[in-house]
Amino acid sequence: MSRWYENEGKNSDVVLYSKVRLARNLADSPFPSRMSDEIRKNVTKKLYATLKNSSHANEFELVNLSDCTPSKAVSYAEKHLASPELVKKGGSLMLSNKEDVSVMLCEEDHIKINSFAAGQDLESAYEKANDIDDVFLSSLKIAYSDRLGFLTASPINLGTGLKASFILHLPALSQQRAIYKLSSMVGKLGLNLRELYKNGTGDLYVLSNQVSLGISEKSAIDNVTAICEQIVNQERSARKELAENFEFEDKVYRNLGVLKTARILKTDEFLNGLSLVRLGIALGYFDLPYSTVGDMLYTLQNATLAADTGKELSDETLDKLRAQIVREKL
């Protein structure tokens, strides 16, 4: 079965994937932060039963993070299928077979639907999230105000409860030190541009809407998409300048050589190395599909790598195993 991250989509040279998140709450239950363990357990069962009694029943399985090994639980956070907070408190989520939709249960809100699509395709991600949302809306009494829209634990999510995001690969703009200026510009437009990983590792950034009150879901998606298109064009222009720099071209090729021969790869070196490989693909240096890089980004970080082996491994062992798999894939 093909997973969403093994595919490519529109503008995949810059846009790794699209993500839509919908936050919802039950009208007859306190927010999760005020729940007792018994109420949380009952609400979780209620939400699980609602989805399992729908036409989507065979698409999802319930994951109890408290029953997972430590590495398996953290792996869900690495893949952005669960929040670190949900992992820390050993909560639950419902996960689709293709891992393209996860529904976090009783995290900050009772329901948080996360939907993913390869490339620049918020419409597909939204369609999948909306289908699951309709199941809950048609079966449960969801907290809603005619004046404020959907009621959420955090005031910033009031209204549609929607966050639409693109994960962008911006190595050329990062090389030009243009990220801060770009972040400031999109901030004035009601959007947010932030690092996906600490210190900009891997040159990956998240572009998302900040406003969900007083704006329709379609408008939010259209706004983020329009700015994304502009950033894609800016990144491509910056890449053209880099392509004329022979020393930079040499750096990209040398980096591929390191990844093909390294016996140890720590996480930061791995992420930064894959960033340059991905840029090399975009510039026509390497005949590799973007999906190869996407698969490695998704599956070769520490917790996920350990979870896939079924063992709790030392950092040194993980670094060696990661290097071995990267050599095999490249």
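Strand E1 runs antiparallel to strand E8 (residues 162-169), and seven bridges join the two. You're looking at a predicted model, where local features need pLDDT of at least 70, side-chain atom pairs count only at pLDDT 80 or more, and totals for chains, interfaces and linings use all residues. Residues are numbered from 1 along each chain as its sequence is written, and side-chain values use heavy atoms, with hydrogens and water left out.

Strands here are DSSP runs of E with at least two residues, helices are runs of H or I with at least four, and both are numbered from the N terminus. Two strands pair if DSSP finds at least two bridges between them. E1 also pairs with strand E5, as the table shows.

How many residues of strand E1 are buried? Ten of the ten (residues 15-24) are, so E1 is largely enclosed by the rest of the structure. Buried means under 20% relative accessible area, with a 1.4 Å probe and protein chains only.

Now for the helices. H1 (residues 37-52) packs against H4 (residues 122-139) at an angle of about 110 degrees, their axes 10 Å apart. That makes H1 roughly perpendicular to H4, a label for angles of 65 to 115 degrees. Axes are lines fitted to C-alpha atoms over the stretch in contact, and angles run from 0 to 180 degrees between N-to-C directions. The contact (heavy atoms within 4.5 Å) involves Leu47, Thr50 and Leu51 of H1, plus Ile132, Val135, Phe136 and Ser139 of H4.

How values were computed:
Buried < 20%, exposed > 50% of the residue type's maximum accessible area, 1.4 Å probe, protein only. Parallel < 35°, antiparallel > 145°, perpendicular 65-115°, else oblique.
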